[in-house]
Amino acid sequence: MKIAVCIKRVPDMETRFRIAASGTAVDEAGLKYDLSDFDGYAVETALQLNEKQGPGETVVISLGPDVVQEQLRKALSMGAERAVQLKADRVPTDGLSIARALAAELKDGGYDLIFFGRQAVDSANATVGPMVAEMLGLPCATAVSSLDISSGRGTARRDLEGAAEIVDFALPAVVTIDEGMPRARYPSLKGIMAAKKKPLEVRAAQLGDESLTLEKMELPPERAAGRIVGEGPGAVAELVRLLHTEAKVL
Amino acid sequence: MANTFAFAESRGGALRRVAFETVSAARALADASGGGEVHAMLAGAPGVASLAAELGKYGADVVLVVEHAGLANTNVEALAATASARIKAGGYRAAIFSASAQGRDLAPRVAAQLGVSMAADVTSLELAGDAIVVKHPAYAGKVIATLKLTGSPAIVTLRPGARAAVEAAKDARIETVQPAVDPAASKLVVKEMVVGGGAKLDIGDAPVIVSGGRGLKSAENFKLVEDLAAAFGNAAVGATRAVTDDGWRPHSDQIGQTGRQVSPELYVALGISGAIQHIAGMRNSRTIVAINKDKEAPIFKVADYGIVGDVIEILPVLTAAVKEARAKG
Ligand SMILES: Cc1cc2nc3c(=O)[nH]c(=O)nc-3n(C[C@H](O)[C@H](O)[C@H](O)COP(=O)(O)OP(=O)(O)OC[C@H]3O[C@@H](n4cnc5c(N)ncnc54)[C@H](O)[C@@H]3O)c2cc1C
Ligand SMILES: Nc1ncnc2c1ncn2[C@@H]1O[C@H](COP(=O)(O)O)[C@@H](O)[C@H]1O
């Protein structure tokens, strides 16, 4: 199958973020970057599908400045065959604008499946995937935690609050990948060497206007420091007293 | 003065709490704009119209009822087409969906069909001149972004629980709306609904959440967590990803960045380290209690009260003490 995976470069979330002097971005100094977690699962899912059901091709696409080539190379070293950078000075805040550019690239690609992460871990929007599907007129299963593809059809599980849906659709289709799907493999040394020779095309991103703009970024208010009530079962009585008299939740 | 659209989510013939939240948020926005109307869309199998009056209680002036046998299960394509057509025809200033699993699936499709931008998972929204300004937690909840939507209509999804529903009694008029496309023609079909959790309180509704992590050591030990929840009487059980990954609890119990985002009055974290992705889902709880054997565990940094110790040993004592406190009243 021909599978496209849209991947985003994001900073490591374990960082203690600081806000840049502009007030509209995080300070990039010292940040480490990787593929967004769910995008990594999406690459893995695509590779496994093609390994099991081959022959096929996995194409990875990332929109952004030249630094995104790092993440594209990583996906190539995991096993993707080909990469495309949709070049832009910066990644827009507006998901619709990102979706337009990705849809323009994907439109005539002849893909059987187009994968996205359920959400990018930095923007946390979960909008780009279903928007692209809508623009391409394709069926779209969002936030799937298991996926089965056979004879031109897909079946997926979507977890809801306290329930789940099993959905069925025909290919070509868009799927956004959630928890439950396989974690990204580590590139092997051989994979890293091979990736250097794999094609990485660069094209200008066709971004439209943006009508969602970033005004400000700030750190959330810190919670007031709490206290350790005590150690072991002996501290329970004091905890329950505090929950009753101070926090008034009992 | 502009009218505001709200999508009122239902499942299995019952309104979900988030339906009242979106209607209530739309009411506040309409009032702030000088008193436009709130139009709430309610879709489902025939009979769903009987729920319309409940939406009036939270400030809907008009309930747009879409009844069709093909909407008994979620039919996201039919809902997106119908909502888009109505939003376009209605000239609304804003359309508010929930950032629930269904809303997150639906709203981006509507935005794309209308060709307008949207803001996702917002914790607040307000009018600022011609624009709508929202707050949106990003970077695993470590950063709060203020975003401005200048397009019209502005589409937003509202984080469940971020904004309590407020009653504002209206005698809602009912308007019947036909599906904009044939629900039977959808390319994506829900074949089966798997309903879990039974009659127990949902994590999103519970005033108290007792949540277990890997420190519980086994699926069997979650019995101790359930006992504590039962002692509170108004509690639901949550879990970390470590726990849902190991299959000790269903995925739908997961709290955090990619699980449910909750803000109960009391959150009890049991044997949970406090990874940033977990904290992203519970840091807005009013009171947080943590029990962990490691006094350096990051969970203690967000907890109001902590006990250092073995959770397996402490839980039965805590359950008994909570029972006793509640019996006293
Ligand atoms: C993209 C991404 C998304 C994620 N989303 C989520 C999410 O939504 N929700 C989530 O929870 N996680 C999420 N995670 C995972 C998260 O990073 C952590 O791995 C996870 O929260 C850890 O769970 P835990 O606290 O149960 O386990 P651990 O980190 O293993 O902690 C166990 C804790 O139990 C304590 N302990 C052990 N034995 C005892 C005992 N007998 N008594 C008392 N304490 C004891 C230990 O001291 C330790 O602090 C995500 C990760 C990624 C990469
Ligand atoms: N700049 C980008 N380049 C490629 N894919 C992207 C980009 N931004 C978002 N995506 C894809 O869209 C998904 C959802 O992103 P978001 O809607 O921002 O949460 C991500 O997991 C990626 O698969």
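Let's start with ligand 1. It is surrounded by 27 residues, and the closest are B:Arg214, B:Lys217, B:Thr240, B:Ser273 and B:Gln277. One caution before I go on: this is a predicted model.

Where does ligand 1 sit? Between chains A and B. Take B:Arg241. One of its backbone N or O atoms lies 3.0 Å from an oxygen atom of ligand 1. Next, B:Asn292. Here a polar side-chain atom lies 2.8 Å from an oxygen atom of the ligand. Then B:Asp310. An N or O atom in its side chain is 3.0 Å from a nitrogen atom of ligand 1. So much for the first ligand.

On to ligand 2. Around this one there are 19 residues. Which of them come nearest? A:Cys6, A:Asp39, A:Ala120, A:Ser123 and A:Ala126. In A:Asp39, a side-chain N or O atom is 2.4 Å from an oxygen atom of ligand 2. In A:Ser123, a polar side-chain atom lies 2.7 Å from an oxygen atom of ligand 2. The backbone takes part as well. A polar backbone atom of A:Leu63 is 2.9 Å from a nitrogen atom of ligand 2.

Next, the interface. How many residues does each chain bring to the contact? Chain B gives 85 and chain A gives 82. The area buried between the two chains is about 7100 Å². Carbon and sulfur atoms account for 57% of that area. Look at three residues on the B side: B:Tyr139, B:Lys142 and B:Tyr305. Together they supply 11% of the area that chain B buries against chain A, more than any other three residues.

By class, the side of chain B that touches chain A has 40 nonpolar residues, 23 polar and 22 charged.

The two chains also share strand pairing. Strand 9 of chain A, residues 163-170, is joined to strand 13 of chain B, residues 188-195. The two strands run antiparallel, with 7 bridges. To find the place on screen, go to A:Phe169. What is its bridge partner in strand 13 of chain B? B:Leu188.

Now some backbone details. We have a cis peptide bond from A:Gly54 to A:Pro55, with omega near 0°. A:Pro55 lies in the loop between helix 1 (37-53) and strand 4 (57-64) of chain A. Chain B has a cis peptide bond too. That bond joins B:Ser152 and B:Pro153, and omega is about 0°. B:Pro153 is in the loop between strand 10 (143-149) and strand 11 (154-158) of chain B.

One backbone angle deserves a look. A:Ala143 has a positive phi of about 50°, although it is not a glycine. Where is A:Ala143? In strand 7 of chain A, residues 140-150.

Last item: salt bridges across the whole structure. Over all chains there are 43. One of them is formed by A:Arg82 and A:Glu57, with the closest N and O atoms 2.9 Å apart. Why pick this pair? A:Arg82 lies in strand 5 (residues 82-87) of chain A and A:Glu57 lies in strand 4, so the pair ties together parts that are 25 residues apart in sequence.

To close, back to the start. Ligand 1 lies between chains A and B.

Notes. Residues numbered from 1 in each chain as written. Chains lettered and ligands numbered in written order. Predicted model: local features only at pLDDT ≥ 70, side-chain atom pairs only at ≥ 80, totals over all residues. Heavy atoms only, no water. Contact = heavy atoms within 4.5 Å. Buried area = accessible area lost by both parts, 1.4 Å probe. Nonpolar A, V, L, I, M, F, W, Y, C, P; charged D, E, K, R; others polar. Pairing = 2+ DSSP bridges. Helix = DSSP H or I, 4+ residues; strand = E, 2+ residues; numbered from the N terminus. Near = heavy atom within 4 Å. Polar contact = N/O pair within 3.5 Å; in protein donor to acceptor, adjacent residues only side chain to side chain. Salt bridge = Lys/Arg side-chain N within 4 Å of Asp/Glu carboxyl O.
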